[in-house]
Amino acid sequence: MSFPYHQRGLSIAGWMFLIMIIGSGIAIGMKLAPLYLDHNTMSNILDRLAEEKGMVIKGNTELTDIMKKRFKMNNIRNFDFKNHITISRPEDRVVIDMNYEVRLPLVQNVDIIASFEKQTILRD
């Protein structure tokens, strides 16, 4: 028994499902991209700080002020330094730890949580 017409390709429901999946991926990507761009900028700032000479002899307050100015110049605002950046001084170096989470609402009670960590060691 042969049918005169065989269906080829996706049905309307299949196309709608495919568009929904692609649209969801784009929506999530649009929310996550700025978070990763900001983290990349902050990591670059800390890496450049490690390349500069004389940073080890500066105090913690002075280092924090330098980071705040550089973050502000790169349009990173509302970053809580007290809770997310720790400066320690083991032996002859300075260790800057940056650990933070960002929570963004996605749909109703579903959130996206992104966790970031960066450690930079300043040496003379």
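Colleague: Which residues in α2 are buried?

Modeller: Bear in mind that this is a predicted model. In α2, the buried ones are Leu 63, Thr 64, Ile 66, Met 67 and Phe 71.

Colleague: And where do those fall, seen down the axis of α2?

Modeller: They fall within an arc of 160 degrees, so the buried residues line one face of the helix. As a rule, an α-helix has 3.6 residues a turn, so residues three or four places apart point the same way.

Colleague: OK, what do the buried residues of α2 pack against?

Modeller: Their partners are α1, α3 (81-84), β1, β2 and β3.

Colleague: Which exposed residues sit on the face of α2 turned away from its buried side?

Modeller: That face carries Thr 61, Lys 69, Lys 72 and Met 73.

Colleague: How far does α2 reach, first C-alpha to last?

Modeller: α2 has 14 residues and spans 20 Å, close to the 20 Å expected at 1.5 Å a residue. Just after α2 comes Asn 75, with a positive phi of about 65 degrees.

Colleague: Switching to the sheet: what's the strand order?

Modeller: The order is β1-β2-β3, in an open sheet of three strands with antiparallel pairing. β1 (85-88) and β3 (110-122) are at the edges with a single partner strand each, so one side of each has no neighbour in the sheet. From one strand to the next, the twist averages 10 degrees.

Colleague: How many bridges join β1 to β2?

Modeller: Four, and β1 and β2 (residues 94-107) run antiparallel. One you can look up is Ser 88, whose bridge partner in β2 is Val 95.

Colleague: Which strands does α2 touch when it packs on the sheet?

Modeller: α2 (residues 60-73) touches β1, β2 and β3, and its direction makes about 145 degrees with that of β1.

Colleague: What about α1, which strands does that one lie across?

Modeller: α1 lies across β2 and β3, and runs at about 10 degrees to β3.

Colleague: I've got Ile 19 highlighted. Is Ile 19 buried or exposed?

Modeller: Ile 19 lies in α1, which covers residues 12-51. Its relative accessible area is 53%, and anything over 50% counts as exposed, so Ile 19 is exposed.

Colleague: How far apart in space are Ile 19 and Thr 120?

Modeller: They're 43 Å apart, C-alpha to C-alpha, and 101 residues apart in sequence.

Conventions
Residues are numbered from 1 along each chain as its sequence is written. This is a predicted model: local features need pLDDT of at least 70, side-chain atom pairs count only at pLDDT 80 or more; totals for chains, interfaces and linings use all residues. Side-chain values use heavy atoms; hydrogens and water are left out. Helices (H or I, at least four residues) and strands (E, at least two) are DSSP runs, numbered from the N terminus. Buried means under 20% relative accessible area, exposed over 50%, partly exposed in between (1.4 Å probe, protein chains only). Two strands pair if DSSP finds at least two bridges between them. Axes are lines fitted to C-alpha atoms, for helices over the stretch in contact, and angles run from 0 to 180 degrees between N-to-C directions. Contact means heavy atoms within 4.5 Å. The expected span of a helix is 1.5 Å times one less than its number of residues. The arc is that of the directions from the helix axis to the C-beta atoms.
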